[in-house]
Amino acid sequence: MIGRGPAHLLVAPGLALVAFVFLAPFLLLVAMSFWSQPEGSLLVDTTLTFKNYIRIFSDAYYLRGLGRTLWLSVATVALALVLGFPVAFWIVRRAGRLRRFVTALMLLPMVCGALLPTLGLVNLLSPLGIINGTLKTMGLIDRAIPLLGTQIGILIGLVQAFLPLMVLPLVAVLDRLPPSFEEAAMSLGARPAQVWQRVVLPLAAPGVLAGAVLVFCAALTSFVTPQILGQGKIATFATMTWQQASLVLDWPFASALAMVMLGLMAGLGGLLAVLRRANWAQT
Amino acid sequence: MTAYLTIRDVAKSYGRSTALHCIDMDIARGEFLALLGPSGSGKTTLLRILAGLLDPGRGTLILDGVDMTKTPAWERDIGLVFQNYALFPHMDVRQNVGFGLDMRGIRGAEAERRIDEALETVSMREYGTRRPGELSGGQQQRIAIARAIAIKPRLLLLDEPLSNLDAVLRQSVRIELRELHERTGLTTIMVTHDQVEALTLADRVALMERGEVIQVDRPEDLYNRPASAFAAAFLGSPPANLLPVAPGNAPGTVSISGVVWTPVGQVAQAVAALRGPARLALRPETLRLVAQEVPGAISGRLKAVEYMGGERLAHVELTGADAPAPVVLVRSADALPETGQVVFVLPGAVTGLYDNESGANIAPATAGEY
């Protein structure tokens, strides 16, 4: 038998890398969020203080930003669910030989980065873009509908970017749902709507939950989409954090903003763990 | 017979491939019918059409005098038990059994009573609060049956009900299914590929092949007088021997693959109808092996013997036949000579004589009885 020592050593470079480029900066981020930067100065005061957090939760600008980010994320989840469920159902039940192709197509935007698809959306959504152009040509509108630089535009971008995160967990869960469940329900007298409500949706719930969490977290922290499609007019938590870090150069405050986002996600994670445990106890 | 369920001219095709050709069948009230056939014979397609899960391309379904061809599955009142049971994993046993009642607006005490009744019928009353995942395969199947009969269905459909059970359980569930049918009196249609299930359980068996019902008969009639060579070769384990035969040169003789055979007695009467090339079906248990040549026997060489516990299966290769020489299987309870010995096969009855051109059984009806 090969000793365990050498195998452990193989993990070491990876561990070192994670510790060095992720864990250490992360701890620094946590610490920095409790530091402060005196006004008009770029020097950091390392005495621990809640000043940054108090500022976030007392300044209406940041509170509105937080609210806007949350609403955009929740709306993205809802739209992704409504749009993604039929797609996932179609992939599982109807796609047949197209399945691999469609799945690859879904994954493509995820692996080619956020920037290219978002720039494509700029073309689509701009006042002289394809959507407005088509509507004008058809004579349906006189003036371009403002899509770029609005929350609707950002919402379209977020849904487009994160739809696969909803579809893939749904596909995974629907795959394990034999069609005979639906057929059994129908033979017992359930109409199609009742089949969905009583059988398909409850059994797909774990996938819905997983997809919702993934899309929510992705939308909450998304930077490229609100930055480019918002045209600097719509502030979300990610764009505000970037502003503070890169433009204002107030790193302690940027860290605190990042920590708030992290806290939201951790809270969500905790809530889910509790829900899951309750569900476990039930089965 | 007044038909309770009438299947008239029902056909189904997927694109260019035809799953069902023109099915016509009448099923009496309270009857237990088995749809028997190899995979791909269309039996499950027919069951799904009856359940309303599949739209027939053509034809009519009449249940209790009412045309239900266009009735959606959820309005048919047909109990369906799936091969994989399809119990809802997020509901406990009582919720599963009560699902159909709930869909009919039956709730409260009345629902509880009927759930109890259905669980009682399958002797699973004390399992009400369990989840399907906590039950064994046999228990899950009982719950699936309870769920189907709780709605007091007009028709009970069973899709391969025994195929997911182990051999020991299969035997006992088979008996339970028969008892259940006798107790409930439900008109039942079962799909199976297992001939033993079909023959033991059903009042009548519909044998299907390539989308066609080729024979509907009582089990004994189906076994003793198969209407086609396919039926003869499908039923029985091992199935009937099918020998290529033609009229011999001399009157009263038959050529089996070139071997001249002079049958005697009722076997001779049975093959007297032979006019051209045909296939002769002989069941292994109606054949006897003898050491000396006797009138009516066919000579061969004992090629192999399989001991099957209690009885033996002899493989006899006919001597002097055109290659490849036909091998006749004979079931024998007696000890057999060494392999390689010359033996004689004496037929006791003819199961069928199938004309090569028409495929029909040309042996006279009485000849097959024994």
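1. Chain B of this predicted model holds an open sheet of five strands, ordered β13-β12-β11-β14-β20, with antiparallel pairing. The edges are formed by β13 (259-261) and β20 (352-355) of chain B, each of which pairs on one side only. On average, and ignoring direction, neighbouring strands of this sheet are turned by 35° against each other.

2. Chain A carries a nonpolar surface patch of about 830 Å². Its members are Trp90(A), Leu98(A), Phe101(A), Leu105(A), Leu107(A), Leu108(A), Met110(A), Val111(A) and Leu168(A). Helix α4 (residues 99-111) of chain A gives the most to the patch, with six residues.

3. Trp90(A), one of the patch residues, lies in helix α3 (residues 60-93) of chain A. Is Trp90(A) buried, partly exposed or exposed? Its relative accessibility is 36%, so Trp90(A) counts as partly exposed; the partly exposed class lies between the buried limit of under 20% and the exposed limit of over 50%.

4. Which residues of helix α11 (residues 237-248) of chain A are buried? They are Phe237(A), Ala238(A), Thr239(A), Met240(A), Thr241(A) and Gln244(A). Just after α11(A), the backbone at Leu249(A) takes a positive phi of about 65°.

Technical notes:
Residues are numbered from 1 along each chain as its sequence is written. Chains are lettered from A and ligands numbered from 1 in the order in which they are written. This is a predicted model: local features need pLDDT of at least 70, side-chain atom pairs count only at pLDDT 80 or more; totals for chains, interfaces and linings use all residues. Side-chain values use heavy atoms; hydrogens and water are left out. Two strands pair if DSSP finds at least two bridges between them. Helices (H or I, at least four residues) and strands (E, at least two) are DSSP runs, numbered from the N terminus. Axes are lines fitted to C-alpha atoms, for helices over the stretch in contact, and angles run from 0 to 180 degrees between N-to-C directions. Patches are made of residues with over 30% relative accessible area and no salt bridge: like charges are joined within 9 Å, nonpolar side chains (Val, Leu, Ile, Met, Phe, Trp, Tyr) within 5 Å. Accessible areas come from the Shrake-Rupley method with a 1.4 Å probe; for residues, only the protein chains shown count as cover. A salt bridge is a side-chain nitrogen of Lys or Arg within 4 Å of a carboxyl oxygen of Asp or Glu. Buried means under 20% relative accessible area, exposed over 50%, partly exposed in between (1.4 Å probe, protein chains only).
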